[in-house]
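The notes below are grouped by topic.

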Amino acid sequence: MNPTLTNRQKIAQIFFPAAFIHDTEENHQALENLIRKEEIGGLTFFHSRISAAANFEKRQEVLNVSGTLEKLVELINRYQEASNIPLIISIDGEFGLAMRIEQTPAYPFAISLGGISQEGEKQVEEVHYKMGLDLKSAGIHLNLAPCADVNTNPSNPVIGYRSFGSDPNSVARLALAAYKGLKKAGIGACLKHFPGHGDTHVDSHLGLPVVNKTKQELVAEELYPFQYGIDHDVEMIMVGHLAVPALSGNIEISASISRDIITDLLKNEMGFKGLVISDALNMKAVANLFPNPGQLEWEAFQAGNDILCFSDHVKEGIQFILERGKKEDIESAYQKIQDLKQQLGVLERKTIEVPNFNWENHDKFMEKLSKEFLCQLEGEINPIKIRDLGESGNLGLRSFPSGPTTTFETLLHEAFGRNLAEISDKKSELLIIPVFVPSAKPMNHFGLDKNDLEEIQQLAHEKPSILYLFGNPLALRQFGDLSIYSSVILAYQSFDATQRVAVKHLMGEWKAIGRLSVDL
């Protein structure tokens, strides 16, 4: 604690602007100067300005930039060196460092973890504990995760695979388990996106989503996981950019700048005493509302946010709050942030080394998890018949979309060699159709080609077909009536480990014990 700080310096601790790993040296220096001059409290790291823009502009580009992890560690050390008070380093890593950093361990999506039917909470906690250790080793203190949104709208453009499922009770328990796992690893965590982003049609990166439900409906569904977290001592909640008129006096105002929602509902009515962090203030749901630089930051602060994430107008925002903010509100937010810094060991300065990950152990862990969430949705598998057909050349295989040979195909070819019938061979009595869903988001049929989808359904009509889906289960809505397939197996992920488990299942070495985490 530093009682000698001025009011302006205390306000500056509320600001966590964005830091881009792949950026120009000029931009790195500008951020360094901002850290020195404004004395901000923390940073939120993103891969690059281009990857952030891809969200806004509906681009699906993948940037292949090498050395991202090394660059991240180098920048964390550099920015900490520039700061008088050590910075909280945060990142949005819902499925691990890999969400932002290439060549780091990726963990299953929340929607996949929701499919674990046995000891789900224990497993989710373990996943997030391991994830937390990865983050900590890279110099990160705070993960802006997990989502406590209930996945009630299958067409949701921005939540979907990021939610643990469609059942509020399950989401509440698993989100808390994820939070606990991160905390156990010594990493800060937050439930998001209050008051619940699961039932929206608009991506808040692009516009303001509106949830038109009664308060009674919201309490039973959207608000339930957050209340559950509050009742179990969660210490941080992120407020989303979505309008919920039933909670804000019938006004369509973003929750992130609504005093009715943050102060009156979350803090006073629901009893939350911890830190409130805003969702990124550059998102178009709110960023375009206030042309006067600094006003948005003031609106977010006066609504009840303690941390302002991804502010584009730090200097002006500090000035706005300095001129208008109540001293007790500033002091309260400052103390919460200093307590968090103490708790997360931020104030103990140390140089970060580039971590080495144990890839073999990670792969084994992914295989263990894949066995837990692999889910049989339709029909049964007869492994004896499959072996017989495979050995006699009457088993067909057709993978979608066409591309490089997958682990699943390789393993089947190893098992049956040349006997595996090609799709053109009409002799095959049974067809295996593995589908690797290109995108986790519903846009453009989850990236699936419409001709491919038509061909898959045509094949299933022509002969018995076993469909293995590697990807977001909500994509199953693109495959027509699932009863046309003799069997449908949901694998959730396309990890090599998951593909190995799927082949073991096909050969009768493993039973599918997972469940469907969402309503289709």
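**Briefing**

Glutamate 455 counts as partly exposed, at 30% relative accessibility; buried means under 20% relative accessible area, exposed over 50%, and partly exposed in between, with a 1.4 Å probe and protein chains only. This is a predicted model, in which local features need pLDDT of at least 70 and side-chain atom pairs count only at pLDDT 80 or more, while totals for chains, interfaces and linings use all residues. Residues are numbered from 1 along each chain as its sequence is written, and side-chain values use heavy atoms, with hydrogens and water left out.

**Salt bridges**

- The structure holds 26 salt bridges, a salt bridge being a side-chain nitrogen of Lys or Arg within 4 Å of a carboxyl oxygen of Asp or Glu.
- Glutamate 455 forms a salt bridge with arginine 398, at 3.3 Å from N to O.
- This pair links distant parts of the chain, 57 residues apart: glutamate 455 is in helix H19 (residues 450-462), and arginine 398 is in the loop between strand S12 (395-397) and helix H17 (407-416). Helices (H or I, at least four residues) and strands (E, at least two) are DSSP runs, numbered from the N terminus.
- Arginine 398 is buried, with a relative accessible area of 18%.
- Glutamate 38 and arginine 8 form another salt bridge, with their closest N and O atoms 3.1 Å apart.
- Glutamate 38 lies in helix H2 (residues 25-38) and arginine 8 in helix H1 (residues 7-12), so this pair ties together parts that are 30 residues apart in sequence.
- Glutamate 38 is buried at 5% relative accessible area, whereas arginine 8 is partly exposed at 25%.
- A salt bridge of 2.6 Å, N to O, joins the side chains of arginine 500 and aspartate 363.
- Arginine 500 in helix H20 (residues 496-506) and aspartate 363 in helix H15 (residues 359-373) are 137 residues apart, and the pair links distant parts of the chain.
- Arginine 500 is partly exposed, with a relative accessible area of 24%, and aspartate 363 is partly exposed, with 28%.

- Five strands form an open sheet in the order S11-S15-S14-S13-S12, with mixed pairing; two strands pair if DSSP finds at least two bridges between them.
- Strand S11 (375-378) and S12 stand at the edges with a single partner strand each, so one side of each is left without a neighbour in the sheet.
- From one strand to the next, the twist averages 20°.
- Strand S13 (residues 430-436) pairs with strand S14 (residues 465-470) in the parallel sense, over six bridges.
- Valine 435 has leucine 469 in S14 as its bridge partner.
- Helix H19 packs on the sheet and touches S13 and S14, and its direction makes about 160° with that of S13. Axes are lines fitted to C-alpha atoms, for helices over the stretch in contact, and angles run from 0 to 180 degrees between N-to-C directions.
- Helix H16 (residues 383-392) lies across S12, S13 and S14, running at about 85° to S12.

**Packing of H6 and H7**

- Helix H6 (residues 120-137) packs with helix H7 (residues 168-184) at an angle of about 35°, their axes being 7 Å apart.
- Residues of H6, including Val124, His128 and Leu135, meet residues of H7, among them Leu174, Ala177 and Leu182; contact means heavy atoms within 4.5 Å.

**Serine 204**

- Serine 204 sits in the loop between strand S7 (191-194) and helix H8 (215-220).
- Serine 204 is buried, with a relative accessible area of 2%.
- Leaving out residues up to four places away in sequence, serine 204 touches His197, Pro209, His241, Met283, Lys284 and Ala285.

**Backbone details**

- The peptide bond from alanine 145 to proline 146 is cis, with omega near 5°, and proline 146 lies in the loop between strand S5 (142-143) and H7.
- Phenylalanine 194 and proline 195 are also joined by a cis peptide bond, with omega about 0°; proline 195 lies in the loop between S7 and H8.
- Glutamate 119, although not a glycine, has a positive phi of about 55°.
- Glutamate 119 is in the loop between helix H5 (110-113) and H6, and is exposed at 53% relative accessibility.
- Asparagine 444 in helix H18 (residues 443-446) is exposed, with a relative accessible area of 60%, and has a positive phi near 50°.
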